[in-house]
Structure formats: C-alpha cells, structure tokens
Amino acid sequence: MAKPRVLYIVHNHPELHPGGAEAYALELYRSLRDGDRFEPQLVARIGPNQARTAEPHPGTPFRAMGADPDEMLVYTATERFDFFWMTHRDKSFYTRDFDAFLRAQQPDIVHFQHTLFLGYDLVTQVRRSLPDTPILYTLHEFLPICHRNGQMVRTFNGERCMDASPRRCQECFPEIPARDFFMRRRFIQSHLEHVDLFLAPSRFLRDRYIDWGIDPARIRFEEYGRRPAQRAPAGAERERTRIGFFGQLNPFKGVTVLLEAMRLLSEDVPGAHLWLHGANLELQPPAFQERFCDLLDRVGPSATLAGSYGHEALPGLMAGIDWVVVPSVWWENSPLVIQEAFQHGRPVICSDIGGMAEKVGHEVNGLHFRAGDPRSLTETLRRAVTEPGLWDRLRAGIPDVYDMEDHVRSLGEIYDGLLNPTLRREAVS
Amino acid sequence: MSDARLSQRQIRTAATGASPGPEPDTTRGPLERPRPTSTDAAARPVTRPADAGRRASPSGLIDGASVRTAPLGPWHTLVTFRSALRPTAAADLSATVGEEGHLPLRWTRLDQRDGTEDAAPYPSLFVALMGNTPPAESPRLTLYSEQATDTLEPDWSRSSVDLRTLLREELAGMDAGLRTEALAFLAAATMTAPEAGKLSFARDLMLARDALREPQPLRARDRGESQGLNIDAIHAVDDSAYWVRGWVADGDAPLVRLTLFSPEGHRVDLLDDAYRYPRPDLDSLFAPGVGEGFIAYVELPGLSRLDASWISEVQNAVGTTSETEAPAVERDLDATRRRILMDLEHDRDHRLIESQAFPALLRMQRRVAARAAVAELREYGRRPTTPEASVIVPLYRRIDFLEQQLAQFAHDPTFREKADLVYVLDSPEQGDELVERAAYLHELYGVPFRVALLRGNVGFAHANNIGAELAAGRLLVFLNSDVLPDRPGWLDRMVEAHDGMDGIGALGPKLLYEDDSLQHAGLYFQRTAVSGLWRNQHYFKGLHRHFAGAARARAVPAVTGACLMIRRALYRDLGGMEGVYVQGDYEDSDLCIRLLEEGLTNWYLPDAELYHLEGQSYPDSLRRLTRRYNEWLHTHLWGDAIAEVMQEARYTDAPALDREESS
C-alpha cells in the first residue's frame, strides 16, 4: 500500500524569513519525510513582505523551493490580503489555482499550520476540492479570535483580554462597527467548520478556542515536538547570577518590565547581570524604543544588549547564562524559548499567565512572578540569584522536552485514525 | 427616394406626432432655409383631406404681404401673418406640400385691440409654429374657418428673416399681456420638440423669452432696500418638473405676484402654491419678519432643457417689481432627492410634505419604477427544479455581504436543496465587480444562486419585485443582504410554520443583533405624540434573545421586510411591494397592512433565528427626514387602517402581557 500523503500548508518558509511556527512546520515536515510511514509535502506562502524577489511565474502562484520536489512555495500578493476578514481578495486564488494544485497532488491528509496571507477560505477550498480528505489545523496563535494581531491585549489600556465579543472588540477598534466583528467571527468559523481536528500546542490555547466556539471534541492538546539538542553544560560551580532574555524586543514581550526589575535589583545585588538576546527594536513604536533605551541606560552596567542571534548560536548563549526570563505581558501560546531553555537545562522565570504558566512549573522547574509587575519580578530574581541550591533544585525538575519522534508518532496515530472511516468518527467525537 | 416623397413622409410623420423626427440634415447649414422650387406664388385653393369635397377659395382672409417667417431651432419655423378673421370664429391652420401632406399647425392669435366683435376688419396677428419644414418644397398655408377658407403660397425666400428680427418687428412692440401670451404659446411648443436639436431649439426659445419678456429692475439684496428676491437653488425632478427654493421680502406692500420663468419662457406662479416659511436670517437685510423663504414643487406646461437663465420676478400691490436670475439648475436626481428630503426640516405641520414634497417624490419614484428592468441575468450552478422557496436578496453597495451569506448557506444542506436563491443588484455600477466575484464564490461554496443585474438603481421595493418575478418557488422569502442565519435549518422551520397556519399573510422570524439582543419579533404601530404620525415599532427590540415574551409564535400587525416569507401567488395578486417610499423603509408594513385588509394574519416565528446586522448607510439628518417623509406617506395611505388594527387587543396588549409572562 502506498504511503499516505500529508500536505502541510504554512504561511512562510523559515529560510525566507525566520519565525517559530514556520520553523516548527519545516522540522515536522522533515521529520515525517525521514520516517517511513508518510509521504509529506510542504507548501509555504511567499510574498513581497517576506522575500526580496517574489515575483510569481506568469499564470501560476506555485513554484518550487529547491531540489526537494515536495517543498513548494505559493505566492500571494500581500496587498490583496485582507487582514480584517483574514481572506485573500482574489477568490480565483482558491477556486482556480489551489483547486488545480489540490486535484493534482491528491493528498490523503491536509494539515494546516498557518493561513496568514493565505486566508481561512483555503480550508473551504480543500473541502470543496477533496470532499473526503481529513483536514487538520494546528493553531499557533489567536488571530481568528483577536483582530489585534491575535495579541488579546486591549488597545487602549494594555489589559489582557479573554473575552472577545463584538462589543468589546469595537471598544478596541472604535472605527470598526461591532457587527463587522460579529461577521468576522462567523466568516472565519464558517471556514474552520470544515476542519476535522484542531491541534492545540497548549491547554491554555485550547481553552481559548473552546470559549470562542470550537467544539471541545474537535480540538486536542498536542505539544510541539522538538528535535533533540545537545544540552548546554551546567557550567562550573558558581553563583547563578546570569540572566538571559531571548525573543523579540517588542512591548508584548515584557522587556521593559524586565529592565525595570533589573534596575531595582542592581541596587542591592550588583553582581546580577542580564543579557538581552533579541532583535527588531527598530521596528517598534518610537515611544517604546525611547522607553526601552532610557531604562537600559538606567540599569547601566547590569545589562548587556547582545542583539540578535542565529539558531546555531543558541547552545553557546544558553551555556553563558543560568536563568531564562520570559516576562511577556500577553498570554503566549507555547513559547518555543521555554522548550529551548529546558532543552539546555535552564530553569525559567516567567509571567504567571497563559501558556507560560502552563509550561513552567512554579518551584518545580522555574519560578512565576506577577505578570507586568516589575517589583514581583525583582523579588523573584533576587531569590533566584541569591538563594543557595535553588538553581540546582529547579534544574533537576526540568522535564524531558517532547521529542519530535514522539510527536511524529503521536501525529501518525492521529492521521491513521482520521484515514480510517470508523476511527475517524471516534477521533473527532 | 425622391426629395419630394421624403418631404411628404416627414410631414405626415410630424403631423401624427409619432416620431421624434428625422436626423438633422447635415448638408444644410442651420441658418439656411429651404428654397422654394415653385415660381408660382399665387394663392390657389386646395382640397383638405379631412374635409373632402369642401372647396376653399381665395378670400383674402390672410394678408399675403404680412407673412413673415423665421427658423426656430433646427426643425421649426415661426410664421406670423395678419388676418381679418373674426375673433370669435373657429379656425384651423395647416401647411400643405403638393396635393397631400397636410400638417396642422399650432397657432395662436394676438388681438391688438379691445374692440367688440363688430369692429372690422380685425388686424389680428397670427403666430404659428411649423415643425419639420420640408427641405425641397415650400408649403402652402391654408386657414380654414367657418367664415372662409384661404390658401396662400408665400414666397418663403422673401418672407424669411432671422428670429431676432421677426420677434423685434412683429411681437416686441405689443403690450405686455400679448407678449406673455405669445411667450406661453412658444414655450408650449417644447412639448412636441424632437429630441434631436433640442438644445438649439431651447436656446432660440430663450432668445424669444428675452425679446418678449418685460425686463424688471434687478433685485436688490442690500440693507435698506424694501424689496428683495433670491432663488437659492433649482433642482430638476425631470425635464418639466422642478424643486425651487428661495426667499422673497417686501417691506412696503403685500406681494401680488411671484413668477418663475424657464429659459424657454415657461411661466409658473409661485405665490399661491409655494410653501412659505420664516427666514430669521434675513432680518439683517430687511425689517424683522419681512423676509420669508419659499419652497415650491412646480410642473411646467412644457419641457425645459436649459440649465442657465432661469428668472424669477416679484411684484407687490403698489406695483413695485424686481427680478433675479437663478443659479444653474441641478439635474442630478440623487441630489434632487436629497435636497427635497433635507428641505423637510422647514416643515412644521406636514404642509410642505403634502403640497410639495409628496408630488415631487412621487413623480421621481414613478420615473424610477419605469426604468426597473433586468439588464442581465446570471445563473451560477444548478438550482432546484421545483424549489420550495425562492430567497430574494437585494444587494445595494455592500456586495461583500454576498460572500458572508454564501459562507453560511454552504453549511445548510436543505437550503442548498430547496432554495432558489436570487440576488438582485440594485447598484448597477458594481455589476462588473459582482460578476467577477460571483463565479468564484459559487466555485468556493457550491451554493447555486442567480444574480440579476438591473438597468438602473430602482430601490428596495422594485428590486424585490423584480426578484419575485424571477422567482420559481412556491414561497418567497425576502431577505436583506445583512441577514445571516444563526444556524442551518431556518428555512425549513419557516416553511413548516407557514404551511401549518391557515389564513397566513406574511411570516417573519426572530432577528438578532450581533450582541444577541432582539432586533425583530414582529412590528406594531405607535402614534407619535409630536407629529401624530404612525410609526413602525419592533416588539421587544433590544431585549435579550431569550426573553420569554419573544419566544412564542403569535399574530402581529406586521413583520419586517429584512426576512419575510409569503406565498408567491399571494404576493403577485397583491401587486408586490409599493415603490413610493424613499430609500427602503415602510414597504414591509405597507405590504403587511394590505394583507390584513385581505383578512389574512401576519405571524411572528421565534423558532427561526437569524442575525440582522442592521447598518446605517447615509448621514443622520437625511435619514431622519427620509423617515419622517416615509412615516407621513405611510400614515397618509394607511392611517385609518392602522388605527383600526391597533384597536385589536391581541396587538396592543401583547407587549405588556409578555412582560408579565416573562417575570
């Protein structure tokens, strides 16, 4: 019997533009390809905002990525994508181009990873083109729920939001009528209705989508799998005073909370030091950049802005620090940096909310502090860098990171279930 | 075809008035007139076909030497001559070419004296207008009367002068009354003017107006002047109906005349018929309270095609007169409708609506109705062969709603099997865009539907009526484009409920806002305290979706047209929705009242739930005034019936009862 073909659809290829979900999708594709049970294919969206040259071939948006016949790119014009309705305005992209592609490829399973710049309509098109093919969708973020880039943080006061509704969404965007938010949800849900099974990398995200209207029977928790990495050495017996931040330097990531906490900490624990490994500060609003630089100045010698880094540099950078701080002021889903910290044996200090609090056990393999509160973070950091034996205890509590092989095995079982008509019914009920 | 035969055909055509006339003869300059081919200038008798057997003889009734002619526009000739015909004698005037081809002429006689019938001879001036002058032959003129019949073959080349000369020499010297009469005669000719060349015709008439009209001192608008006059705007309702707005002031004596002249010379009196209202803003120019505004809907006795040179005159009881020139006519119909509605803010007691706005808007809406036609019908997918229901959705501007509805209908298997879905695009300028989109949306969602593209924007009622004509279903559902079902199966539930009720008129479901508050649970009527007009009210509007009072099916006076089910045959028998309301409002209750008048009952059904994402499509003050107009019209048409309906306990008591039940 031929191996079932699994088509992955993702909004970007990490080689064109780095990003967490796309990197995961590529790793998943390669792991499946290296296995012997399935025949995967990856279609990644390309467009002018991601790649320097993105002109499509005349007559088709599809093109090859490279030598691998199963790694494909599909072009969509960024300006033809509607960020409110999350739909591509040229419907022929679905009904002509993608229809022809799907009919030609005849995948046995379609597994969506991300549909930004592609549109949720694509789900409906898959159902139209391939009426009996199981559709999976891994939810990486909250874009369907929240028009503010899925941040679920309110526009006017920075309050975290768990309760999207036409009325509340209009409070965030007064220029958009409430009924449009109603229609937005109905429109996106009309497409997602065709998905047989959703996968949620965190329980927190799963709960948000259930609240939003997805049947609990159709959404299953499944953590990201990671390829094994060489654990960074613990380093010599020393004071555990080195603190690391990895991620985008944007307001939602809580870096200003962290800098404020470092300033307070440096007054009585001058030995503690923060390394900021992050990029894209220049893309942030000027007021934020100003505040960031001001705080950095006031922390003085206790912090180093190290800038961006390549993925291959990560083990070295992890070896150089003791604690990883994840101070985000938004919910997060399943932050990859937590898995990375754990892979390298670094306990995590994080906000006590959402996907972070779920992944890090307080007093088990890390510490929680009150999200957005610099004093709470200061006290937590003080304890971390001064309490003898704490680091070793928490390091010992770090679990094995979910291995990609296990993840692929688990997905294989899910795929098998969906491909077997009787199992399929059970799998989704 | 010979020139002569062509000429005769042209004459006959013009005489029957059936054709707008031939194409302009480009071989001849506009000022060159036809040359006579006959050298025989003597008058000779002809047979008049309509009065065969009767012989006419030269009687000297027409003073041959007095005949003057001048071209008026490309297709008309103005003819004047003097005749001693008795003032009381009935007479006909016609032009003849060859032995046939009689062309009756429009004519009038201007009697220069106030003498009695006995005084003779009567040197009356005859003014006649000859249409479609033959190019090759010069016609004979025949005056038939009980007194005598006289035929004259004038020397056209010698009698012809230019229009200005003829007016100046023959008409301008007469007293004002006769000149007004002559002007009215000429202006009336616009009724039969052929479409081609209408502009130069109108310009010549304007020239005539300026030659014949008594010029008045230009109005003054300075402080200290006692008389003032201004036309703020003239909006065309069509070529012969206009909406006029202005102000007038006279601190010395009561007004006796307020006249508007079209450029062609049509004259309408505004003093008696216009709506007049206070203009306190004029108190800075005149004594307080002297200036007043006026708004008038006027219908001219003929057509007017010129935008500039409209003139208004005012005269008071002591004879002081002045005039003013109006700004150019605004001919954009949307702007006219907007202006009429916006002017309703000056209405205090519905007199402006009743006397001016109603006839104006009625005329506009009738014109719209006349152009309600399908330009193109597109079919996407195979619709059910014997559909249970046709769902008719007018699309106006927000064509993106099509996508929203299809995305929902796609999840409703019975809808796809049973419904004949018809979209009617009432914003024709979006036709290409919609057609471009529709095919792909059909591919994407697999829901069969049709799209009717209209020739012009026709409004909610006509769009629905056109949809109903295209419909194949036993039942009709009128559905707004901003209505989305809460869940599949709503159509089934409506069909079942409809068929289960005897004597049902219209059926309406529960409609919700996006926040799950009630938008519609049936309509009733409430008389507003201030205006005394009946207003449509929604039962329980804004209460929660699960409010107990809205949870049971019941008879209601009316249901909303946002989602309304009715038997197709019944709808047809009633003549569909009434297209006299402005901007889509009250058509639904109008229909429902007619159903009640038939002895039927309208029902509300809570088991079918849909969202109505009611939006606001134009600015607030306009919407308020439009609503006032529709309310007035609705009350005007149905006030008595409504009053009777609202006597019924089941309608008036229902809200109170339901509130109790729910607690």
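Modeller: A residue is called buried under 20% relative accessible area, exposed over 50% and partly exposed in between, with a 1.4 Å probe and protein chains only. This is a predicted model, in which local features need pLDDT of at least 70 and side-chain atom pairs count only at pLDDT 80 or more, whereas totals for chains, interfaces and linings use all residues. Residues are numbered from 1 along each chain as its sequence is written, chains are lettered from A and ligands numbered from 1 in the order in which they are written, and side-chain values use heavy atoms, with hydrogens and water left out.

I begin with the backbone. A:E363 is a residue other than glycine with a positive phi, near 70°. Its place is the loop between α11 (354–359) and β16 (366–369) of chain A, where helices (H or I, at least four residues) and strands (E, at least two) are DSSP runs numbered from the N terminus. With a relative accessible area of 26%, A:E363 is partly exposed.

In chain B, phi of B:D516 is also positive, near 65°, again in a residue other than glycine. B:D516 belongs to the loop between β23 (504–512) and β24 (518–520) of chain B, and its relative accessibility of 25% makes it partly exposed. B:S517 is found in the loop between β23 and β24 of chain B, but at 12% relative accessibility B:S517 is buried. Leaving aside neighbours within four places in sequence, B:S517 has contacts (heavy atoms within 4.5 Å) with B:L511, B:L512, B:G542, B:L543, B:H544 and B:R545.

The sheet of chain A comes next. Eight strands make up an open sheet of mixed pairing, in the order β3-β4-β2-β1-β7-β8-β9-β10; two strands pair if DSSP finds at least two bridges between them. At the edges stand β3 (62–64) and β10 (219–221) of chain A, each with a single partner strand, so one side of each lacks a neighbour in the sheet. From one strand to the next, the twist averages 25°. Within chain A, β1 (residues 5–10) and β7 (residues 109–112) pair in the parallel sense over four bridges, and A:I9 has A:F112 as its bridge partner in β7(A).

Helix α3 (residues 121–129) of chain A is largely enclosed by the rest of the structure, because eight of its nine residues are buried. Among them are A:D121, A:R127 and A:S129.

Rings of Phe, Tyr and Trp (its six-membered ring) pair if their centres lie within 6.5 Å; planes under 30 degrees apart count as stacked, over 60 as edge-to-face and the rest as tilted. By this rule there are 42 aromatic pairs over all chains. One of them joins A:F38 and A:Y415 edge-to-face, at 5.3 Å centre to centre and 85° between the planes. The two residues are 377 residues apart, A:F38 in the loop between α1 (20–34) and β2 (39–46) of chain A and A:Y415 in helix α14 (residues 404–419) of chain A. A:F38 is buried at a relative accessible area of 3%, and A:Y415 is buried at 0%. Elsewhere, ring pairs connect A:F142, A:F204, A:Y209, A:W212, A:W330 and A:W331 in a cluster.

Definitions and conventions: Axes fitted to C-alpha atoms, helices over the stretch in contact; angles between N-to-C directions.
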